[in-house]
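Hi,

Here is the structure I promised to pass on. Have a look at it first, and then read on for what turned up in it.

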Amino acid sequence: TSSKRTLRTLFRPPALPPPVISEESPSQKKLLAYHKGKEEQKIINQILIDRALEVSYTDMDEREERDAAPPITGLPSTVRKYFFIKALKILSFQAEYFFLKNCVQSNPMVPIQQQWLRSMLAMVPQPLMEGRDRELLTEDLLKEVVRDYEKSMQRCVLRRALVKPDIKELDKLEEEAPLPSLPLGLDFSSTWRSSYIKAKNQINSTLHILHPTMKTLLDFGYTAFFDFLVVDFSSCRLKGPIDCRSLKTDASLSCSKAEDKIMTTWYQRVLGLFSQPESLDGVNLDQLESFYNCVAVLMSNQLKELLQRTTEVFVKLFDLEDRRRLPIFKMDLTLDENRMEFYPSLQDLEEAILFVVDCIGQTLQNFQTVDAWLMGSTETLDAELPAHIVQWAKSTLGESIRDNLEGPKQHFKGYVENYGWLVDGTAEERINTFIAEQPSFDEYT
């Protein structure tokens, strides 16, 4: 009947589109976009299927190799379906894991505190941070610390917030290296306090430089030598020109006076210190030799430092870049046996200046060691100026002397070129030749 509901009455027959469509309506555009999206989804699905099959067959090959079974040539549809579903799950886990990983990594991290960086810099010795290059290096190191901190925090947050699925394929796709593992084979269960106390006691018993008497000896040396020089020519320029002999004499007298002063002040205080029984408190009889050896080394270092500092100050007087304190030497231009020359010669001047270095190095060489003074022997302290210091001083002074003597050499050369023929016999020979020719009166005139 007409009132009865049938399939034909419920669903109308679809209307076919006209054969020629001139313009697309909005509904047609939606329909075309839907079909396009379906086609793209088919392509994506095909790619996923290919990837799934690749993963499934890879899993199958690995399983065959593990089970040592012959290669499978034909697979039932149920097996293929099993591996296909498994591969799809693996791809789904991978995509979900990387999506969550990107979400976690995109979150802002807590920055490193500036107080931590300042604490790190405070532990670095100040001499290592001086200079422009050191400042740049410090900045680079701090940037590296900040990068390592942010990277570590990011990896820590990632491992706390996200559990990595147990899939072998992820190990091949992960770019990050695994976190460093704890060292193996090392036992950290034993405490360090006992070994620390043992080492401390051993140091206190054998390293005599920590003895209170050594501190007092260091104070004596600092008080006596911190502003003292064996030879002081800093005000030599103010005295005016000096000759070489005066320079040698002044250097010898200064060294002798300095040695006597040190003998009556610093050395007497040292001997007075070790003449008291309290100076050997805590030192066993079998350690006396090593204790006095330590005393001798300390005293030798103090004397060597004084000689080295004096040598460096004397060399600095002849600095080529700063000639304000350069000593002035008196030299005569003499005429002797038809020759013009400097007196003293330039070589004598150089020898006189280098003599001061040798004079400094020969000072303070007769001080007895403390144990030799107590025992009545003749052993002396090793206060010899190091050879490399002597070589440096003489080479530096030689270069400076040669540079400063260029002016006198040119002055002497001008005298010889202009007036040397008057004194070397050339003028007398020309006169005798002229007289021997018996010239006329007019020629004489």
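Ser106 sits in helix H3, which covers residues 77-106; helices here are DSSP runs of H or I with at least four residues, strands are runs of E with at least two, and both are numbered from the N terminus. With a relative accessibility of 55%, Ser106 counts as exposed (exposed is over 50% relative accessible area, buried is under 20%, and partly exposed is in between, using a 1.4 Å probe and protein chains only). Between Ser106 and Gln154 there are 9.4 Å in space, C-alpha to C-alpha, and 48 residues in sequence.

Before you go further, a word on what you're looking at: this is a predicted model, so local features need pLDDT of at least 70 and side-chain atom pairs count only at pLDDT 80 or more, while totals for chains, interfaces and linings use all residues. Residues are numbered from 1 along each chain as its sequence is written, and side-chain values use heavy atoms, with hydrogens and water left out.

Now the overall picture. The protein has 16 helices and two strands. Of its 445 residues, 25% are buried. If you take contacts (heavy atoms within 4.5 Å) between residues at least 6 apart in sequence, 74% of them join residues at least 24 apart.

Next, helix packing. Two packed helices are described by the angle between their axes and the distance between the axes. The axes here are lines fitted to C-alpha atoms, for helices over the stretch in contact, and the angles run from 0 to 180 degrees between N-to-C directions.

Start with helix H8 (residues 212-225) and H9: their axes come within 11 Å and cross at roughly 170°. That makes H8 roughly antiparallel to H9 (over 145 degrees is roughly antiparallel, under 35 roughly parallel, 65 to 115 roughly perpendicular, and the rest oblique). On the H8 side, the contact is made by Thr213, Thr216, Leu217, Phe220, Gly221, Ala224 and Phe225, and on the H9 side by Ile262, Trp266, Arg269, Val270, Leu273 and Phe274. Sorted by type, the residues of this H8 and H9 contact are nine nonpolar, three polar and one charged (Ala, Val, Leu, Ile, Met, Phe, Trp, Tyr, Cys and Pro count as nonpolar, Asp, Glu, Lys and Arg as charged, and the others, Gly among them, as polar).

Helix H9 (residues 244-274) also packs with helix H10 (residues 288-316), where the axes come within 13 Å and cross at roughly 160°. That makes H9 roughly antiparallel to H10. In this contact, Ile262, Trp266, Tyr267, Val270 and Phe274 of H9 meet Phe291, Tyr292, Val295, Met299, Gln302, Leu303 and Leu306 of H10. The residues of the H9 and H10 contact come out as eleven nonpolar, one polar and no charged.

On to the rings. Rings of Phe, Tyr and Trp (its six-membered ring) pair if their centres lie within 6.5 Å; planes under 30 degrees apart count as stacked, over 60 as edge-to-face and the rest as tilted. By this rule there are 14 aromatic pairs. One of them is Trp266 with Phe367: the ring centres are 6.4 Å apart and the planes are at 65°, so the pair is edge-to-face. This pair links distant parts of the chain, with Trp266 in helix H9 and Phe367, 101 residues away, in the loop between helix H11 (346-361) and helix H12 (370-375). Trp266 and Phe367 are both buried. Phe434 and Tyr444 are edge-to-face too, because their ring centres are 5.8 Å apart and their planes are at 90°. Phe434 is in helix H15 (residues 426-436) and Tyr444 in helix H16 (residues 441-444), so this pair ties together parts ten residues apart in sequence. Phe434 is partly exposed at 32% relative accessible area, and Tyr444 is partly exposed at 46%. Ring pairs also link Phe225, Trp266, Tyr267 and Phe367 into a cluster.

Last, some backbone details. Most residues other than glycine have a negative phi, and most peptide bonds are trans. The Tyr343 to Pro344 peptide bond is cis, with omega near -5°, and Pro344 lies in the loop between strand S2 (340-343) and H11. Leu364 has a positive phi, near 65°; this residue is in the loop between H11 and H12 and counts as buried at 1% relative accessibility. Gln438 has a positive phi as well, near 50°. Gln438 is in the loop between H15 and H16 and counts as exposed at 70% relative accessibility.

Cheers
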